[in-house]
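Please examine the sequence and structure shown below. The briefing that follows treats strand pairing, nonpolar cores, aromatic rings, a helix and selected loop residues in turn.

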Amino acid sequence: MGPGTAITGFTGIAPGGPGLASGSIHSADAFALQGQNELTAAYNAAAGVASTATKAGDLGGQTLFAGVYTSSSTLGITGTVTLDAKNNPNAQFIFQIASGLTTATGSVVNLINGAQPSNVFWQIGSSATILGGGSFSGNILALASISLNTSAVLQGRALARTGAVTLLSNIITSPGGPGAPPPPPNTPAPSSLILVTTALICGGIYQTRERLLKPFRRN
């Protein structure tokens with residue numbers, strides 16, 4: 001992680017703790033710097049994709065198909081939002097949110113018909129707050145901070161450019177695919193404060209950027 005140096009609550013990191021992270025943890029070293037640079041590139045790529053639809057208010061109760069959805073302010077999720085890939089495993093869902101993202105307690109991002117968490121991107125102009133008891137899917141790319149409240153489950157990545165990633169008894173499963181880091185063990189992380197990224201190796205961030213850019217490159 002980078003550019004900060006504070007990582008607390010994980011085994012092998014003073015003061016240690018019950019939280020477990022698979023793979024290597026990097027703090028303020030060359031790997032962390034590369035990860036930070038790749039995150040910035042992924043964030044900018046997501047922000048720069050042409051919008052196909054606008055959204056406002058709350059996404060709960062809606063079924064959305066592949067596309068680029070833009071919100072000029074904050075966005076919320078109450079209940080369930082369903083992302084339908086229509087049996088296309090390469091379908092991408094990009095959410096460009098000018099301000100913050102907040103999900104209500106017990107809310108769910110439901111992926112159906114081949115939708116993959118690795119192909120869902122939440123580009124957020126400030127911070128994301130995922131309240132407890134629910135399940136969230138996709139790559140969170142936040143300019144500021146990310147907070148996962150008690151027992152919230154994430155299938156994806158939590159990547160913050162300038163602020164902290166705060167976990168509270170969460171299970172995070174990184175999306176599969178070539179070059180992605182292996183999923184962590186199913187052990188909830190404790191209450192933890194992690195500046196910018198959470199035990200996510202830069203190879204996984206690079207894969208996120210490559211997935212995002214590939215459909216928009218010209219040969």
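In strand 6, Thr-82 is the bridge partner of Thr-63. The model is a predicted one, in which local features need pLDDT of at least 70 and side-chain atom pairs count only at pLDDT 80 or more, while totals for chains, interfaces and linings use all residues. Residues are numbered from 1 along each chain as its sequence is written, and side-chain values use heavy atoms, with hydrogens and water left out. Helices (H or I, at least four residues) and strands (E, at least two) are DSSP runs numbered from the N terminus.

**Strand 6 and its partners**

- Strand 3 (residues 63-65) and strand 6 run parallel and are joined by three bridges; two strands pair if DSSP finds at least two bridges between them.
- Strand 6 is also joined to strand 9, in parallel, by five bridges.
- Within strand 9, Ile-112 is the residue that stands opposite Asp-84.
- Four of the five residues of strand 6 are buried, and the strand is mostly covered; buried means under 20% relative accessible area, exposed over 50% and partly exposed in between, with a 1.4 Å probe and protein chains only.

**Strand 12 and its partners**

- Strand 12 (residues 135-142) is largely enclosed by the rest of the structure, because seven of its eight residues are buried.
- Strand 10 (residues 120-124) runs parallel to strand 12, with four bridges between them.
- Ile-124 has Ala-142 of strand 12 as its bridge partner.
- Eight bridges pair strand 12 with strand 14 (residues 153-167), again in the parallel sense.
- Ser-137 faces Gln-155 of strand 14 as its opposite residue.
- In a regular strand, side chains alternate between the two faces of the sheet.

**Nonpolar cores**

- The largest nonpolar core holds 32 residues, and those with the most contacts inside it are Phe-95, Trp-122, Phe-136 and Ile-146; such a core is a set of buried Ala, Val, Leu, Ile, Met, Phe, Trp, Tyr and Cys residues joined through side-chain atoms within 4.5 Å.
- Strands that each supply at least two residues of this core include strand 5 (75-77), strand 11 (128-130) and strand 13 (146-148).
- Strand 14 gives this core its largest share, five residues.
- A second, separate core has ten residues, among them Ala-42, Ala-46, Val-68 and Leu-141.
- Leaving aside neighbours within four places in sequence, Phe-136 is in contact (heavy atoms within 4.5 Å) with residues including Ile-77, Leu-101, Val-109, Trp-122, Ile-130 and Val-153.

**Aromatic rings**

- The model has three aromatic pairs; rings of Phe, Tyr and Trp (its six-membered ring) pair if their centres lie within 6.5 Å, and planes under 30 degrees apart count as stacked, over 60 as edge-to-face and the rest as tilted.
- The pair of Tyr-69 and Phe-95 is stacked, because the ring centres are 5.4 Å apart and the planes are at 20°.
- This pair links distant parts of the chain, with Tyr-69 in strand 4 (residues 67-71) and Phe-95 in strand 7, 26 residues apart.
- Tyr-69 and Phe-95 are both buried.
- Phe-95 also forms a stacked pair with Trp-122, as the centres are 4.1 Å apart and the planes at 5°.
- Since Phe-95 lies in strand 7 and Trp-122 in strand 10, this second pair ties together parts that are 27 residues apart in sequence.
- One aromatic cluster is formed by Tyr-69, Phe-95, Trp-122 and Phe-136.

**Helix 1**

- The 19 residues of helix 1 (residues 30-48) should span 27 Å at 1.5 Å a residue, which agrees with the 27 Å between its end C-alpha atoms; the expected span is 1.5 Å times one less than the number of residues.
- Buried residues of helix 1 include Ala-32, Gly-35, Leu-39, Ala-42 and Ala-46.

**Loop residues**

- Ser-107 lies in the loop between strand 8 (101-103) and strand 9 (108-112), and counts as buried at 6% relative accessibility.
- The side chain of Ser-107 reaches the backbone nitrogen of Gly-79 at 3.2 Å, and a polar atom of that side chain lies 2.9 Å from the backbone oxygen of Ala-104.
- Lys-86 has a phi near 55°, a positive value in a residue other than glycine.
- Lys-86 sits in the loop between strand 6 (80-84) and strand 7 (93-97), where its relative accessible area of 56% makes it exposed.
- Ser-169, in the loop between strand 14 and strand 15 (171-173), also has a positive phi, near 55°.
- Ser-169 is partly exposed, with a relative accessible area of 32%.

Technical notes: A polar contact is a pair of N or O atoms within 3.5 Å; within protein, one must be able to donate a hydrogen and the other to accept it, and residues adjacent in sequence count only if both atoms are side-chain atoms.
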